[in-house]
Amino acid sequence: MQIDPEAGRRIHGKPEPRVHIETFGCQMNEHDSEIMYGILAQMGYVKAQGPDDADLLLFNTCAVRESAVEHAFGRIGQLKPLKYTNPDLIIGVCGCVPQVEGQVERIKRMFPYLDLIFGTHNIHRLPELVERARSERETVVDVWESMGDDFPDILPAAREGDLKAWVTIMYGCDKHCTYCIVPTTRGKERSRPYEVILAEVQELARQGFKEITLLGQNVNAYGKDLYGRHGEGAFDFGDLIELIDRNSPGIERIRFTTNHPKDFTRKMVEQIARAEKVCEWFHLPVQSGSDSVLRRMKRSYNRKQYLRLVGWIRELIPDAVITTDIIVGFPGETEEEFQETLSLVEEVQYDAAFMFMYSERAGTPAAQMEDRLSVPEKKERLQRLMEVQNRIARAKNEARVGKVYDILVEGLDKGKPDVVFGRTRGNILVTFPGDESLRGRIVPVRITRAGTWTLEGELVESPVTLA
Ligand code: SAM
Ligand code: SF4
């Protein structure tokens with residue numbers, strides 16, 4: 001990709017134009033923002049301190065729940081005065097919301113002063129989009145329905161931090177769960193060639209990164225679109241894990257998210273169990289413990305199949321940390337169906353869970369289903385679920401007290417000069433007394449106190465056997 005390094009200066013008429021991006025939503029959006037920062041850096045932009053000193057301000061939005069959309073819109077409205085204090089400021093809205101039918105019109109109505117609206121599929125066209133936003137009087141709208149063939153395999157990225165990096169292995173999702181807007185906002189599955197992924201990981205290792213997280217909406221479907229499902233030439237997620245594990249000297253930890261239980265095979269669990277650097281953390285979104293709800297959600301697995309997958313993981317990787325996503329109050333969810341979710345949570349004993357109230361997304365099949373539950377009823381179920389899950393998480397963390405874990409130290413804990421934080425291989429946050437010199441090192445830490453979500457510990461000085 002050829003980018004004119006003078007473009008930013010030309011657009012803003014100043015030597016060091018500044019950009020600020022506000023990001024909402026999942027890791028995909030966070031990584032897209034890193035890529036946009038990377039492209040803009042090649043155009044001559046530097047990162048602004050914040051929105052107040054930006055010449056270009058972008059809002060990278062999330063559409064997965066209405067609360068996320070409202071959150072982004074609230075923030076866009078809040079920063080409107082900047083347009084008056086700096087008339088040369090270019091403001092753009094991008095990401096998932098503009099991809100949804102009707103939303104571009106809504107955004108234009110609510111924020112008529114915007115210069116630019118674009119979606120998820122054309123971030124590689126940012127140089128031309130910003131130039132147009134400067135030269136055209138009307139709001140420039142450029143939203144693509146799908147990723148064009150010109151989408152480059154490799155894009156520059158200005159990553160947050162220098163220890164942990166996201167690596168996209170595939171875009172989009174072919175699953176069409178009935179409640180979910182992601183297939184609309186992110187398009188069809190499209191895997192990146194494994195050579196390109198491996199080269200990116202090796203480059204990150206060369207730059208000193210210690211941990212990578214392989215990203216996709218359904219990483220277990222990796223390769224199907226590119227290499228076929230079976231037979232000669234097939235190359236799946238398990239094969240990718242093995243390839244990266246064996247060929248990434250310098251990288252200490254490999255993570256992956258998000259998984260789809262339907263496509264997660266026993267072979268993949270075996271390959272993960274064998275791969276040394278691949279961490280023992282499995283984010284396995286279940287959504288519901290009830291077969292009838294799972295059917296209405298079109299999740300394409302049932303409770304028994306899900307539990308079989310959990311069983312494989314526990315059998316082959318006994319100390320695995322398992323986390324999940326759950327939706328309560330899906331249309332028509334009865335008290336009995338909700339009870340099945342509670343019983344599944346008790347049965348699996350998740351280490352942590354993201355728990356959401358169902359949010360209707362226009363255009364999805366679930367939006368056509370009869371939804372008799374009121375918001376207070378949904379809230380009450382969410383509260384009950386959280387109580388059960390938080391009790392389990394706390395008990396699991398309490399059982400970790402006294403054990404020793406390898407922690408990759410990420411830096412000083414906020415505001416404290418003598419406490420550092422890092423994560424276990426199972427992705428549990430641990431804080432302990434220490435200083436900046438530990439940053440980037442993997443050190444043994446004995447757990448001394450447990451909370452529901454985090455652990456506290458102390459550095460182990462003498463050699464010990466790790467948990
Ligand atoms: N691809 C991933 C998967 O299948 O689990 C994650 C997609 S989504 C960004 C993350 C989570 O948001 C989902 O696992 C689901 O629990 C939740 N979610 C998606 N659509 C939702 C909706 N309409 N209402 C409430 N929660 C929703
Ligand atoms: Fe949405 Fe389902 Fe795809 Fe996950 S698998 S992104 S929940 S459609």
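The questions and answers below concern this predicted model.

User: How many nonpolar residues does the shell around ligand 2 have?

Analyst: The residues around ligand 2 include Cys173, Cys177, Cys180, His176, His260, Lys175 and Arg299. Sorted by class, this shell has 2 charged and 3 polar residues, and its nonpolar residues number 6.

User: What is the volume of the largest cavity?

Analyst: Rolling a probe the size of a water molecule over the atoms shows where empty space is left. In this model, 2 cavities reach 30 Å³ or more. The largest cavity holds about 80 Å³.

User: How many charged residues are in the lining of the largest cavity?

Analyst: Among the residues that line the largest cavity are Asp153, Arg159, Arg192 and Glu200, together with His31 and Thr168. The lining divides into 5 nonpolar residues, 2 polar residues and a charged group of 4.

User: Which tyrosine lines the second largest cavity?

Analyst: The second largest cavity has a volume of about 60 Å³. Its lining comprises 5 nonpolar, 2 polar and 2 charged residues. Tyr171 is one of the residues lining the largest cavity. The lining of the second largest cavity includes Met28, Asp32, Phe151, Arg186 and the tyrosine asked for, Tyr171.

User: Are helices H11 and H13 roughly parallel or roughly antiparallel?

Analyst: Helix H11 spans residues 266–274 and helix H13 spans residues 303–316; their axes lie 10 Å apart, at an angle of about 25 degrees. Because angles under 35 degrees count as roughly parallel, H11 and H13 are roughly parallel.

User: Is the crossing of H3 and H5 left-handed or right-handed?

Analyst: The axes of helix H3 (residues 66–78) and helix H5 (residues 103–110) come within 12 Å and cross at roughly 30 degrees. That angle makes H3 roughly parallel to H5. The crossing in which H3 passes H5 is right-handed.

User: Which residue does a cis peptide bond join to Thr257?

Analyst: The cis peptide bond has an omega of about 0 degrees.

User: What value is phi of Gln287 near?

Analyst: Gln287 is found in the loop between strand S12 (281–283) and helix H12 (291–297). Gln287 is a residue other than glycine, and its phi is positive, near 75 degrees.

How values were computed. Residues numbered from 1 in each chain as written. Chains lettered and ligands numbered in written order. Predicted model: local features only at pLDDT ≥ 70, side-chain atom pairs only at ≥ 80, totals over all residues. Heavy atoms only, no water. Near = heavy atom within 4 Å. Nonpolar A, V, L, I, M, F, W, Y, C, P; charged D, E, K, R; others polar. 1 Å grid on protein atoms, 1.4 Å probe; cavity = no way out; pocket = protein on both sides within 12 Å on 5 of 7 lines; lining within 4 Å. Points joined across faces, edges and corners; volume = space filled by probe spheres on them. Axes fitted to C-alpha atoms, helices over the stretch in contact; angles between N-to-C directions. Helix = DSSP H or I, 4+ residues; strand = E, 2+ residues; numbered from the N terminus. Parallel < 35°, antiparallel > 145°, perpendicular 65-115°, else oblique. Left-handed = near helix turned anticlockwise from the far one by under 90°.
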